[in-house]
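Subject: Structure handover and notes

Hello,

Here is the structure for you to look through. Please open it first and then read the notes that follow.

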Amino acid sequence: RGARAGARAAGGEGSGPSDETVEVMRKFSEQYAKRTGTFFCVDKGVTSVVIKGLAEHKEDLGAPLCPCRHYDDKEAEVKNGFWNCPCVPMRERKECHCMLFLTEDNAFQGGEQTIALEEVLNETEGL
């Protein structure tokens, strides 16, 4: 991880979210998956990219806005709250557009509700 991780942890310019914010979103994701009986994707790269995207939005916008959608005005979307994770479709119908939280009958769920911080950081290195 080296100097890049150090810059990221220090919140350096253009370095993405801090490791601490990624850890907050990783813990949130694990807890929410366990609470809702959902699972992470069999491809942990998908899980990692989404967690990192949530962390980035949490730092930049003050809320974990869904990173898998396009927004004309992210700040307005954060205030609206509909797409803040967990989004309304996830809360109401267990439908996660990002494939972060997958139901047991989803062919892409990997049966796991945990992911290590190191795995998230390694999977997203350079993104």
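A residue is called buried when its relative accessible area is under 20%, exposed when it is over 50%, and partly exposed in between (1.4 Å probe, protein chains only). Helices (H or I, at least four residues) are DSSP runs, numbered from the N terminus.

Two notes on the source. This is a predicted model, in which local features need pLDDT of at least 70 and side-chain atom pairs count only at pLDDT 80 or more, while totals for chains, interfaces and linings use all residues. Residues are numbered from 1 along each chain as its sequence is written, and side-chain values use heavy atoms, with hydrogens and water left out.

Helix H3

Start with H3. The buried residues in this helix are Lys44, Gly45, Thr47, Ser48, Val50, Ile51, Lys52, Gly53, Leu54, Ala55, His57 and Leu61. They pack against helix H2 (19–36), H4 and H6; contact here means heavy atoms within 4.5 Å.

The length of H3 can be checked.

At its start, a side-chain oxygen of aspartate 43 comes within 2.8 Å of the backbone nitrogen of glycine 45. After H3 comes glycine 62, with a positive phi near 90 degrees.

The nonpolar core

A nonpolar core is a set of buried Ala, Val, Leu, Ile, Met, Phe, Trp, Tyr and Cys residues joined through side-chain atoms within 4.5 Å. In soluble globular proteins, nonpolar side chains tend to be buried together. The largest core here has 26 residues, and Ile51, Leu100 and Phe101 have the most contacts inside it. H2, H3 and H6 are the elements that give two or more residues to this core. The most come from H3, which gives five residues.

What does isoleucine 51 touch, leaving aside its neighbours within four places in sequence? It is in contact with Val22, Met25, Arg26, Ser29, Leu100, Ile115 and Val120.

One of these, serine 29, is in helix H2. Serine 29 is buried, with a relative accessible area of 0%. A polar atom of its side chain lies 2.8 Å from the backbone oxygen of methionine 25. With neighbours within four places again left aside, serine 29 is in contact with Phe40, Ile51, Leu100 and Phe101.

Cysteines

A disulfide is a covalent bond between the sulfur atoms of two cysteines. The rule used is a pair of cysteine sulfur atoms within 2.5 Å, and by this rule there is one disulfide. Cysteine 68 and cysteine 98 form it, with their sulfur atoms 2.3 Å apart. The torsion about the S-S bond is about 125 degrees, so the disulfide is right-handed. The pair links distant parts of the chain, 30 residues apart: cysteine 68 is in the loop between helix H3 (44–61) and helix H4 (74–80), and cysteine 98 is in the loop between helix H5 (88–93) and helix H6 (117–123). Cysteine 68 is partly exposed at 30% relative accessible area, whereas cysteine 98 is buried at 10%.

Cysteine 66 is buried, at 7% relative accessible area. Cysteine 96 is also in no disulfide; the nearest cysteine sulfur is that of cysteine 98, 5.0 Å away. Cysteine 96 counts as buried at 18%.

Salt bridges

A salt bridge is a side-chain nitrogen of Lys or Arg within 4 Å of a carboxyl oxygen of Asp or Glu. The structure holds six of them. Glutamate 23 forms one with arginine 26, the closest N and O atoms being 2.6 Å apart, and another with lysine 27, at 3.9 Å. Glutamate 23 and arginine 26 both lie in H2, three residues apart, and lysine 27 is in H2 too, four residues from glutamate 23. An α-helix has 3.6 residues a turn, so residues three or four places apart point the same way. Glutamate 23 counts as buried at 19% relative accessibility, while lysine 27 is partly exposed at 43%.

Regards

Key
Polar contact = N/O pair within 3.5 Å; in protein donor to acceptor, adjacent residues only side chain to side chain.
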